[in-house]
Amino acid sequence: MRWSVLSLALSGITTNVLAINLFENTAIVRTIEPAGALVHVTTTYAVKVLVENANSYIFALSEDEASKTSKMHVSLKGQSVQLGIKEHGVQDGIARYTTYLPEGMAINATTNVVVERVLTRAARPWPTQASQEEDQFMKYDGELFVLSPYPTNTQRTKVRAPSSRIARYNTPEDVSFQTDSIVTKSGATITYGPFTSIPISANAGFISKHQRPISVQYHYEHAVVEVNNLVRTAEISHWGANLNVENNLVLHNGGPELKGHFSRVKHQMQMYMGQLRSHVLPAVSLNLPPGARDAYFVDLNGNVSTSRFRPVPSVPKSQSARQSSYLELRPRFPLMGGWNYSHTVGWDQPLADVAAYDPTNGTYIVAVPLLTPIATSVVNDLTFKVIMPEGATDVEVFAPYKPLSVEHSTHISYLDTVGRPAVTLEYKYLTDSHTDSVYVKYKLPVVSHFQKPRAVASAFFVLFSLVFVTRRMDFSIRKA
Amino acid sequence: MADYETVKHLHQTLPAFAPAVPVSLLPSLASILLITTFGLAFYFTTLSKDTFPAREIGVALTASALGGLGVVALFCTVGVYV
C-alpha cells in the first residue's frame, strides 16, 4: 500500500517537472522561398524565457523536412554568428535540435532565433512533362504548421514564389487554431495564417490530428540544374608548384521532361526571337578561383570548343579573392527537361595561392574548396578526392561539413613508384552554398621530394648498364 | 588533434608554399639538363672498354642523375605537373 502511494506521488512529481516549459514562442514566422532545385526556408521564433537562465532552446522538424534539409544555419536575429546546434535524431517522426542561446537571461526576457535552412528535393516540376513550346511550372509541397516542443501564441507561414505567376495554391480544409482567413495571396506571396494558441506540437498526436498539407504551383523562370554525380579530384604537385582541380560530372536538367521530340528548327527560331522557354538549358557558367589557367572542357567525344574562359590574375594566399575567373560552358546540345550531359571540367592553379608551409615541422597545409558550384544547382552525389605528392606522411584531412565517409588510398599516376597518398570524402545532396575549403595537412621529407628524379635516373642507369654489358659481347662470326 | 578552425587559422597565417626550383626556370632547366644528358650519353658510347670501368660508371651515373631531373622538369614544362 505504501509503495503504491509513493510511486503515485513520484509519478505526479515527475509529470509536473516535465510539464514546466523553459520557453514559450510568442510568435513563429516561417518564410518559404521555393525555387528550382533548392528551397530556402527561414523560420523566426520569437522566444520568451519562462525559467531563469534557461538557454537550451529546442526546435523541431518533421522527419520528412529533416531528411530534405541540406544546410542549416541558426543565429539570433540581426547577428550572423552561428549558434551551436546539437542534433537529437528522429523520434516518432520528429527530429529535434538543441541550440544554445546566450547565457543569463532573466524571466520574461525575449529574443529572436532565426533558423535558415536550404532544402533539396522539395520542389518538383508540375506538370511533369512539357513540350518545347510550353512553360515550366514547379510545385512545392509542405506542411501548414511549424512544430515546436513549446506552446505558441501565434504562427504564420509565407510562401514567396520566385515570380507572381502562381498557377494554383491549395486551401487547407478543417483547420484548427484559425483566426479569420486561412490563406491569402498578395502578389507573389501566399500567407497561411495567422494561427493562434497552438499547444505543444512536436508530437505524433498533434501531427495526426492537426497537421495539414500545403502546396503551391508556380512558374519558374530559370532552368532547374542538378548534378547527379560529381567526382572532384584535386592533385597537388610540388615540382610544378601546381594544384590541378578536375570535375567529372553528369549535368541533369531537373525540369519537366520533354514531351514529344526535340525540333532543332523550333529551337533555333526560339533562340533567334529570344523566346527560349525556361526549361531549356543551353549553357552553364562557373566562377573559378583567381589565378586559374589552362582550363579544359572535355567529354567522351573529346574537347568541347564551345566555351569561354576569362581568367583573372592570381591573388596571394593571405588576401581574399575579390574577383573570380569566369568560365562559360556550352554543351554540345541544349539540355531539355530530363536530359543528361556528362563531361569533365578542369583547371590548374598556382600552389602558392592555396598552400601554406610550416618550416618548424615541415608540414604543408593545402586548402581546396569543396565545390565550384553552378548557381542554384544541387549536387546529389559528391566524391571528393585530394591526391598528395608521392611520399607524403602524416596525412590529416579537415572537412567543413561532416562527410558520409572518409577513405585513405593510394593513387598511381605519372612517374610514380610507390604511389601517391589520396584521401576521398563522400557527400550527398549539397547546395550551391557548400563552398568552404577542405584543409589537408601532410609532411613531405626532402628525400621523398626527390623520389621521382631518382626513379627516372634509375631507369636511365638501367639503360646504361645494358649498353655496358652489350658492348662487351661479341656477335661477330669468326672463322672456325 | 587540431580542429577545423585551428587549421584554417594556421593556413591563413603560415607562409605560402615556395617550390624548390622557381617554376619559370623549369623549361630552360629541362632543355639544359636533357641536352647535357644526351651529350654525356654520346660520350659514354665513345669510351674505351677498360677492365676497371671507373670512367664509364662515373659518366653513366652523372648522365642518369641529370636525365632524371631533366625528365621531371620536362613533364612540368609541358603541363603534366608530376
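## A serine in a loop

Start by selecting Ser263(A), which lies in the loop that runs between strand S18 (257–258) and helix H4 (264–273) of chain A. Keep in mind throughout that this is a predicted model. Is Ser263(A) buried or exposed? Because its relative accessibility is 15%, and buried means under 20%, Ser263(A) counts as buried. Show the side chain of Ser263(A) next, and you will find that it reaches the backbone nitrogen of Lys266(A) at 3.1 Å.

## Two nonpolar cores

Now select Leu251(A), Leu382(A) and Tyr442(A), the residues with the most contacts inside the largest nonpolar core, which has 50 residues. Strand S16 (residues 225–237) of chain A gives the most to this core, contributing 5 residues. Centre the view on Leu251(A) and, leaving aside neighbours within four places in sequence, look for the residues in contact with it, among them Val225(A), Val227(A), Leu281(A), Trp339(A) and Ile374(A). A second, separate core of 36 residues can be picked out through Leu38(A), Val39(A), Val118(A) and Met138(A), which it includes.

## An open sheet

Finally, display the open sheet of chain A, in which 4 strands follow the order S25-S26-S31-S28 with antiparallel pairing. At its edges are strand S25 (355–358) and strand S28 (393–398) of chain A, each of which pairs on one side only. Neighbouring strands of this sheet are turned by 15° against each other on average, direction ignored. Zoom in on S25(A) and strand S26 (residues 363–369) of chain A, which run antiparallel and are joined by 4 bridges; here Ala356(A) has Ile365(A) in S26(A) as its bridge partner.

Definitions and conventions. Residues numbered from 1 in each chain as written. Chains lettered and ligands numbered in written order. Predicted model: local features only at pLDDT ≥ 70, side-chain atom pairs only at ≥ 80, totals over all residues. Heavy atoms only, no water. Pairing = 2+ DSSP bridges. Helix = DSSP H or I, 4+ residues; strand = E, 2+ residues; numbered from the N terminus. Axes fitted to C-alpha atoms, helices over the stretch in contact; angles between N-to-C directions. Core = buried A, V, L, I, M, F, W, Y, C linked by side-chain atoms within 4.5 Å. Buried < 20%, exposed > 50% of the residue type's maximum accessible area, 1.4 Å probe, protein only. Contact = heavy atoms within 4.5 Å. Polar contact = N/O pair within 3.5 Å; in protein donor to acceptor, adjacent residues only side chain to side chain.
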